[in-house]
Amino acid sequence: MADHQVDLLVIGAGASGASVAYEATRRGLSVALLEAGDIGGGTSCRSTKLLHGGVRYLELAFKTLDLAQLRLVREALLERSHWLAQAPFLARRLELALPTQQLWGQAYYRLGLGMYDALAGQRSIGHSRLLSQKQMRQALPLLKGCQGGVAYSDGQFDDARLNLLLALTAEQQGATLRTRCRVVELETDGTGQIKAAISESAKGQRERWCASAFVNATGIRADEIRQMAQADAPPRMLTSRGAHIVLEQNLCPENLGLLVPSTADGRVLFMLPFHGRTLVGTTDEACTKESATSPSEEEETYLLNYVHDWFPQLGHPKVSSRWAGGRPLLKPADQGMDSSRVVREHEVETLACGLVSVMGGKWTTCRPMAEDTLTAVERQLSALLPKPQSLPLLGTAANPDHTIAELQQQALALEGLLPDTPERAHQILHLQHNFGLRAEAVVAEAPMEAREPLSSVIPICRAEIQHAIRKEHASCADDVLSRRCRLAMVDAAEAERLSPLVNNELKSV
């Protein structure tokens, strides 16, 4: 069994684990990042794709006088602007509309969203504005009649690609990254402190990882690692399933999303532009870890009923893809509390054996989660970590402020590299969205036939598939078609059509 020695071992390569690894390498630590499945293959690729402060949490904060909710909104709004600036090819500003039926409702939402804007302070990405009946009809032509609405700004992003780039950037900086590598045992020394983790690959190969600190960043499975470290550790995690469907029809042709502010059971629903289609979600159902990724028929019906309610002229929408993800929520003191009312704060726990677990939280705030985790790691090391060094994400410019200008220059080069097809403009946007400033390198050395777009839904080409397998740790068709690009999340049938081609590429590597 091979032995390795690192400063920090991180278990789990979802949003929180990849962020911890990225921030740790910025501070000069040697890091190993072990993932039982694919990078971001769990909850982190199954979000609503919003970088947001949380309008629902702001309303709850004022209705319940809950300062914890208010702090979460403020922190998330600051992080929203961070990611929009740091990864502009993966994240963009998105306006959403809250429809109103009465003038008092318009005034209520305008006041609340004005406070949402104010909480962002100088990091605001746009001010809320009133929408007339005519403006609502123009932006959402099939929407049922309403008095008007209020539009506000949040961010929309590619969760799986951002997760991947955080992990790959850490790897390029020297971190060791293993996928399909499950931690099966934690070894302790004579004082009961963890001294090593034993991992097992998909092929049964075992390795020992000795480290000075161990971080558990396994999301909804955090209790499994905690109880592996300390058998009597009380369970802390509550899993809430958020289900989404994708409609083939584009209900948001002007790229204005819709927020349904209140459903019969008090939830908030989004209907968002998504790769020329419409993303609808999310539900909030307590569930087991095993059922977290599979939406139920009842949840799909629930979502479709609200689509019919708000877009009565639509007829029979076609669902082209569906998915669910399990939110890792910290158990509330009141076990009977509805999971939709659990604050999405995070907590960093250190067990007596030395295991540091980062639990709860949400995608938008993965960076402060990582920073808080490294504060706990400092205590384990009994030493302050160095100040973080600049480490641009793969695909961004050395100075992130220059990324957009350099992308515009690269687009001209890509036009000359790609075959002259009706999909070429779409293909340039797709390549740059996925790879940023590395897009040219992905296709430049491939033969022209490997640059041909394979689908009109998302114009992925064979050169990208080969790159995902050779450079991005993809080891099955689902890794490529669900996370390296989003085809399976947009059109499941189209992804199934391309799966044999991807499998052939996997065999040839």
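This is a predicted model: local features need pLDDT of at least 70, side-chain atom pairs count only at pLDDT 80 or more; totals for chains, interfaces and linings use all residues.

Residues are numbered from 1 along each chain as its sequence is written, and side-chain values use heavy atoms, with hydrogens and water left out.

**Helix pairs**

Two packed helices are described by the angle between their axes and the distance between the axes. Axes here are lines fitted to C-alpha atoms, for helices over the stretch in contact, and angles run from 0 to 180 degrees between N-to-C directions. Helices (H or I, at least four residues) and strands (E, at least two) are DSSP runs, numbered from the N terminus.

| Helix pair | Axes come within | Crossing angle |
|---|---|---|
| H1 (residues 15–26) and H6 (residues 159–172) | 8 Å | roughly 30° |
| H13 (residues 462–471) and H16 (residues 492–508) | 10 Å | roughly 50° |
| H2 (residues 55–64) and H4 (residues 103–120) | 11 Å | roughly 105° |

Angles under 35 degrees count as roughly parallel, over 145 as roughly antiparallel, 65 to 115 as roughly perpendicular and the rest as oblique. Contact means heavy atoms within 4.5 Å. For residue classes, Ala, Val, Leu, Ile, Met, Phe, Trp, Tyr, Cys and Pro count as nonpolar, Asp, Glu, Lys and Arg as charged, and the others, Gly among them, as polar.

Take H2 and H4. At roughly 105°, H2 is roughly perpendicular to H4. On the H2 side, the contact uses Val 55, Leu 58, Glu 59, Phe 62 and Lys 63. H4 brings Tyr 108, Gly 112, Leu 113, Met 115, Tyr 116 and Leu 119. The contact of H2 with H4 has eight nonpolar, one polar and two charged residues.

H13 and H16 cross at roughly 50°, so H13 is oblique to H16. Their crossing is right-handed; a crossing is left-handed if the near helix is turned anticlockwise from the far one by less than a right angle, and right-handed if clockwise. Arg 462, Ile 465, Gln 466 and Ile 469 of H13 make the contact with Leu 501, Val 502, Glu 505 and Leu 506 of H16. Five nonpolar, one polar and two charged residues make up the contact of H13 with H16.

H1 and H6 are roughly parallel to each other. The crossing of H1 and H6 is left-handed. From H1, Ala 15, Ala 18, Ser 19, Ala 21, Tyr 22 and Thr 25 meet Asn 163, Leu 166, Ala 167, Thr 169 and Ala 170 in H6. The contact of H1 with H6 has seven nonpolar and four polar residues, and no charged residue.

**Buried helices**

Buried means under 20% relative accessible area, exposed over 50%, partly exposed in between (1.4 Å probe, protein chains only). Helix H14 (residues 477–484) is mostly covered, with seven of its eight residues buried. These are Ala 477, Asp 479, Val 480, Leu 481, Ser 482, Arg 483 and Arg 484. The buried residues of H14 pack against several helices, among them H6, H13 and H16.

How are the buried residues of H7 arranged around its axis? In helix H7 (residues 222–229), Ala 222, Asp 223, Ile 225, Arg 226 and Ala 229 are buried. Seen down the axis of H7, they fall within an arc of 165°, so they line one face of the helix. The arc is that of the directions from the helix axis to the C-beta atoms.

**Backbone exceptions**

Most residues other than glycine have a negative phi, and most peptide bonds are trans. Lys 49 has phi near 65°, a positive value in a residue other than glycine. Lys 49 sits in the loop between strand S2 (31–34) and strand S3 (50–51). Lys 49 is buried, with a relative accessible area of 1%.

The loop between strand S13 (269–274) and S14 holds His 275. His 275 is partly exposed, at a relative accessible area of 39%.

The peptide bond from Gly 281 to Thr 282 is cis, with omega near 10°. Thr 282 is in the loop between strand S14 (277–281) and strand S15 (285–286).

**Glu 472**

Glu 472 lies in the loop between H13 and H14. Is Glu 472 buried or exposed? Glu 472 is buried, with a relative accessible area of 3%. Not counting residues up to four places away in sequence, Glu 472 touches Ile 39, Arg 161, Leu 164, Leu 168, Phe 435, His 467 and Arg 484.
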